[in-house]
Amino acid sequence: MATTQRTYNLDTSTLKAGFRGALIQPGNEDYEAARRVYNGMIDKYPALIARCSDVADVIAAVTFARKNGLLVAVRGGGHNVGGLGVCDDGLIIDLSLIRYTHVDPETRTVRVGGGNTWGDVDHATHAFSLAIPSGVISTTGVGGLTLGGGLGYLTRKWGLAIDNLIAADVVLADGSPSSSSKLIRSILSMLALCCGIWTRHQRS
Ligand SMILES: Cc1cc2nc3c(=O)[nH]c(=O)nc-3n(C[C@H](O)[C@H](O)[C@H](O)COP(=O)(O)OP(=O)(O)OC[C@H]3O[C@@H](n4cnc5c(N)ncnc54)[C@H](O)[C@@H]3O)c2cc1C
């Protein structure tokens, strides 16, 4: 565990040029808060935090990490107890700005952003008298909970959160976007090799 803040010699000028979200580095005002995750015992010092505003930002961040040989941690809701949403000396791809929920009452499906929390989803679906299996705490991320299967109040009747995932947009480790038509390959790649970032989920 790191105990002191380090300095890094990263040239972020090319990334900054097209990035719409926030790029946070050691020394920036927001750095201390931005490196924290839910588990207060995790104390890691990333070289850069890319708070992405959309899928283009995610692609740019993944490409930057690859070109600079940086370790990447992806953060959704930041609730992973082991602190998988942050790393020392690497790049955090923080999805917390990519939050939207679109409910389609006709198909009884919902599309959500890669950084959504379950509280966001419940708030939108309940207005249509709909609900999907999730967890028991509203601030947990949709992405991380689903990757772990996802157990909650509705599981006995309707299964795990991941059982209800029907499509996803994924940015692969080479920076290429993969659409829902390639769902199976993308999800398997991500689960088996840990090499994808969901930017949109569609659920029933
Ligand atoms: C208070 C609390 C209550 C909990 N309750 C439940 C519960 O009721 N049911 C249950 O099943 N689990 C529960 N959990 C466990 C929780 O599901 C996991 O800790 C999960 O990893 C949290 O997901 P997150 O997105 O918030 O975390 P993060 O730390 O942001 O991410 C966790 C992992 O998922 C990856 N990830 C997150 N989003 C994406 C994405 N969009 N694309 C690609 N990778 C992504 C991250 O890289 C990381 O490896 C709980 C945890 C806490 C702390």
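A residue counts as buried if 20 or more other C-beta atoms lie within 10 Å of its own. The views below are close-ups of a predicted model.

View 1. Leaving aside neighbours within four places in sequence, the contacts of I98 are C52, D54, G113, G114, G115 and T199. G21 lies 77 residues from I98 along the chain, and the C-alpha atoms of the two are separated by 9.8 Å.

**View 2. Contacts of C52.** Residues up to four places away in sequence are not counted here. C52 touches G21, D57, V58 and A61, and also I93, D94, L95, L97 and I98.

**View 3. The largest nonpolar core, with 29 residues.** The members that touch the most others are A50, C52, V58, A61, L91, I92 and I93. Two or more residues come from each of β2 (48–51), α3 (55–68), β3, β4 (91–94) and β7 (165–172). Of these elements, α3 gives the most to this core, with 7 residues. Both domain 1 (13–94) and domain 2 (101–203) supply at least three residues to this core. In soluble globular proteins, nonpolar side chains tend to be buried together.

**View 4. A second, separate core of 8 residues.** Among the members of this second core are V110, W118, I132 and L145.

**View 5. The shell of 29 residues around the ligand.** G76, G77, G141, G143 and G144 are the closest residues to the ligand. The elements that contribute two or more residues to the shell are β3 (72–75), α5 (142–147) and β9 (196–203). The largest share, 4 residues, comes from α5. Sorted by class, the shell contains 13 nonpolar, 15 polar and 1 charged residues.

**View 6. The ligand between domain 1 and domain 2.**

**View 7. The hairpin of β5 and β6.** Strand β5 (residues 101–104) runs antiparallel to strand β6 (residues 109–113), and 4 bridges join the two. H102 has R111 in β6 as its bridge partner. There are 4 residues between the strands of this hairpin, and R108 takes a positive phi near 55 degrees.

Terms used: Residues numbered from 1 in each chain as written. Predicted model: local features only at pLDDT ≥ 70, side-chain atom pairs only at ≥ 80, totals over all residues. Near = placed C-beta within 6 Å. Nonpolar A, V, L, I, M, F, W, Y, C, P; charged D, E, K, R; others polar. Domains from an automatic or database assignment. Pairing = 2+ DSSP bridges. Core = buried A, V, L, I, M, F, W, Y, C linked by C-beta atoms within 7 Å. Buried ≥ 20, exposed ≤ 12 C-beta atoms within 10 Å, placed from the backbone. Contact = placed C-beta atoms within 7 Å.
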